[in-house]
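Work through the following exercises with the sequence and the 3D structure open beside you. Try each task before you read its solution.

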Amino acid sequence: MIEVKNVTKSFDGKTILHNVSATFETGKTNLIIGQSGSGKTVLMKSVVGLVKPEEGEILFDGRDLLKMDSSQIKSLREEIGMLFQGSALFDSETVLGNVMFPLMMFTKMSPGEIKDRAQFCLERVNLKGADKKYPSEISGGMQKRVAIARAIALNPKYLFCDEPNSGLDPKTSILIDELLSDITHEYNITTVINTHDMNSVLGIGENIIFIKNGQREWVGDMKEIYKTSNEALNEFVFATDLFQKVKKYVIANERPIP
Amino acid sequence: MLITKSLTAFGSYCLFMRRVFYVPDKWKVFFNRTIFEINKLGVDSIPLVMVISIFIGAVIAIQMQLNISSPLIPSYSVGLATRDIVLLEFSNSILCLILAGKVGSNIASEIGTMRVTEQIDALEIMGINSCNYLVLPKVVGFVLFMPVLVAFCIATSLFGGFAVALFTDIITVSRYVYGLQAMFQEWYVWYGIIKSVFFAFIISSVSSYFGYYVKGGALDVGKASTNAVVNSSILILLLDVVLTKLLLQ
């Protein structure tokens, strides 16, 4: 479990996060949602340590990230997997090389074991036969899957995903969502997903944190979101006619759309 | 203002270099990457170095003949002057200014692109010292290989002058070869190599620094690449004066 307590972060005198608190639960897909510029990326970067907040606590199963020394941060990061918005695959490495990379850097496995583990991870994300291709030779959806395979290679306790569906078609987005959800439950990972994709919110949001103007506005899950009276959240999630109809259907039938 | 900015940048560069010079996490990975960088930054530069050197060597020989043709100056001076110009300045300073363009822009754009596509963030998230992992093999590889490039440069430049003697009637081959051997000072070779090692360090480290701290997108990578070349070149010229004063006087 990751607990964020009263985190504040400013850039050039402008406060981006105001006293934000949130809990990301183990074995659940935790979603951070909010409009562009609301501070959700800064929140995620603060949690993973790429940005240092001025105030607050970030507890990884009780261990405060902001009080760790560099060696403790290094060992914590070996427990973290991250999927970046643009996949962030290494251009100079093949698909297999990308997945093998963290294993080569952090394990004492033999080259054969490393290769087996990397291939297992690629199979887990339904990517077979692309081992020798370079990231530039595969589609955006495949790149995301390679990035997920790389992120889970070291069996992380925490998985962070920054807008995993950006730039993907709806069908591939759903596949990525399902994959992230399956992996979270299968390996009992604390997964934190930063998104503004409503399909993800309504499909896999087991713990949703809505951020507005750098403040936590709402917390709930994908069932509660239909009944929320929070105006800002309603405007954000059910902004289109399609999602308005979905909301009416769900409230009227008291069950999600099949 | 300019002084403050320069001092700030220098301080930032020093902190960056402190992160670069860490013990590598995995020596095997470091050696593999160093070999890769030697191949990419060094071996791949050999054709460019040879093409430029052969023509510049020929031009120096022709210009020497035109400018010092006097009954008071022995004809073998063409070979001697060509050799000394190549050894003292062309094979190190001028060559490094050229390589600052090729290698410097390559390093800055590669690392800059890794920065804007979040590949460096990915390394950091994995707990890898990205400065050390990305930059140290480039610095070590280029510094180690630079004397080889200098040797290629010297050999092909002198061959360029030799070709002029061979294919034209400006100077005879025997006079040119005699000039190459006359009053030879071995120290000049070491002087050139020592300078080039310093310059190689400047090119690789300064370019890496500019690439590493790129913020923005493709346009900013281009700007960083240009800044890397410009700043490396200025630093090479400044250091050239200092090293010449220290090593030749």
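This is a predicted model: local features need pLDDT of at least 70, side-chain atom pairs count only at pLDDT 80 or more; totals for chains, interfaces and linings use all residues.

Residues are numbered from 1 along each chain as its sequence is written, and chains are lettered from A and ligands numbered from 1 in the order in which they are written.

**Exercise 1. Find the strands that pair with β8(A), and state in which sense they run.**

Solution. Begin with the terms: strands are DSSP runs of E with at least two residues, helices are runs of H or I with at least four residues, and both are numbered from the N terminus. Two strands pair if DSSP finds at least two bridges between them. On one count, β3(A) and β8(A) are parallel and share 5 bridges. Next, β7(A) is also joined to β8(A) by 5 bridges in the parallel sense, and here Cys161(A) has Ile193(A) as its bridge partner.

**Exercise 2. Are the residues of β8(A) buried or exposed?**

Solution. First apply the cut-offs: a residue is buried if 20 or more other C-beta atoms lie within 10 Å of its own, exposed if 12 or fewer, and partly exposed in between, with C-beta atoms placed from the backbone. Thr190(A), Val192(A) and Asn194(A) point one way from β8(A), Thr191(A), Ile193(A) and Thr195(A) point the other way, and all are buried. Because 6 of the 6 residues of β8(A) are buried, this strand is largely enclosed by the rest of the structure.

**Exercise 3. Describe the open sheet of 4 strands in chain A.**

Solution. Its order is β2-β1-β4-β5 (chain A), and the pairing is antiparallel. The edges are β2 (14-24) and β5 (63-64) of chain A, each with a single partner strand, so one side of each is left without a neighbour in the sheet. As a detail, β1 (residues 2-11) of chain A is joined to β2(A) by 7 antiparallel bridges, and Glu3(A) has Thr23(A) in β2(A) as its bridge partner.

**Exercise 4. Which residues have the most contacts inside the largest nonpolar core?**

Solution. A nonpolar core is a set of buried Ala, Val, Leu, Ile, Met, Phe, Trp, Tyr and Cys residues joined through C-beta atoms within 7 Å. The largest such core has 136 residues, and those with the most contacts inside it are Met82(A), Val99(A), Ala118(A), Ala149(A), Phe160(A) and Ile203(B). Helix α6 (residues 130-167) of chain B gives the most to this core, with 18 residues. Domain 1 (1-79 + 157-221) and domain 2 (93-155) of chain A both give residues to the core, so it lies between them; these bounds come from an automatic or database domain assignment.
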